[in-house]
Amino acid sequence: MGVFQKLKVIFFGPSPLIKLMLKEHGAINLLLNDLKKDLRSEIASENFRKLQEKVSQHMHGEEKAIFIMYKKNKISKVVTTLLKQHTALLDLADSVESRIKSKKNFSKELKEFEQAHAAHIELEERDFYYKMDSVLDEYEKEKIVKAYNTYILGSIHLA
Ligand SMILES: [Fe+2]
Ligand SMILES: [Fe+2]
């Protein structure tokens, strides 16, 4: 985080977009804890479905922001890393899912997902969100928050 961004956060607090992203990380971690609490297959498969849905919604929201940043050509090295991590996390989630589906023990796969996910959100919260916040203008940030909320509301209808 640059000095200007740091001062901005100290004076104005995190933007509504950053607040939403942090809230979503909290929600993902809660779903992850729910899943860890009960590894029996029927309960785990329902809890895993909720986790996977939330993770993909969240990545979708972030990638929308990244896409706008690309269009502005204001893209940093961290974004490439984050996108690679998204792909890796989806792959790890797939391996947890296939273990659950075949009623096999999935604690090793879940641990891998959990560790990779913790490293990912650490990087986003320490670095990326502040870059995102400084590159996007207020209108774009608002557009992403709205799209994000619409997407979540849309998925409630589907559930
Ligand atoms: Fe992410
Ligand atoms: Fe995130």
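The axes of helix H2 (residues 16-37) and helix H5 (residues 107-135) come within 11 Å of each other and cross at roughly 175°. H2 is therefore roughly antiparallel to H5, a label for angles over 145 degrees, with under 35 counted as roughly parallel, 65 to 115 as roughly perpendicular and the rest as oblique. Axes are lines fitted to C-alpha atoms, for helices over the stretch in contact, and angles run from 0 to 180 degrees between N-to-C directions. Helices are DSSP runs (H or I, at least four residues), numbered from the N terminus.

This is a predicted model, in which local features need pLDDT of at least 70, side-chain atom pairs count only at pLDDT 80 or more, and totals for chains, interfaces and linings use all residues. Residues are numbered from 1 along each chain as its sequence is written, while chains are lettered from A and ligands numbered from 1 in the order in which they are written.

**Contact of H2 with H5**
- On the H2 side, Leu17, Ile18, Met21, Leu22, His25, Leu32 and Lys36 meet Leu110, Glu114, Ile121, Glu125, Tyr129 and Asp133 of H5; contact requires C-beta atoms, placed from the backbone, within 7 Å.
- The residues of this contact comprise eight nonpolar, one polar and four charged (nonpolar: Ala, Val, Leu, Ile, Met, Phe, Trp, Tyr, Cys and Pro; charged: Asp, Glu, Lys and Arg; polar: the others, Gly among them).

**Helix H5**
- H5 has 29 residues, which should span 42 Å at 1.5 Å a residue, and its end C-alpha atoms are 39 Å apart, which agrees; the expected span is 1.5 Å times one less than the number of residues.
- A kink of about 50° is centred on Glu125, where the bend is the angle between axes fitted to the seven residues ending there and the seven starting there.
- Buried residues of H5 include Leu110, Phe113, Ile121 and Tyr129 (buried: 20 or more other C-beta atoms within 10 Å of the residue's own, placed from the backbone; exposed: 12 or fewer; partly exposed: in between).

**Helix H3**
- Helix H3 (residues 41-71) reaches 44 Å from its first C-alpha to its last, close to the 45 Å expected for 31 residues.
- Among the buried residues of H3 are Phe48, Leu51, Val55 and Ile66.
- Just after H3, Asn73 takes a positive phi of about 60°.

**Two single residues**
- Val78 is found in helix H4 (residues 77-101) and counts as partly exposed because it has 15 C-beta neighbours inside 10 Å.
- Leaving aside neighbours within four places in sequence, Val78 is in contact with Leu123, Asp127, Phe128 and Lys131.
- Lys146 lies in helix H6 (residues 138-158) and, with 10 C-beta neighbours inside 10 Å, counts as exposed.

How values were computed:
Helices (H or I, at least four residues) and strands (E, at least two) are DSSP runs, numbered from the N terminus. Two residues are in contact if their C-beta atoms, placed from the backbone, lie within 7 Å.
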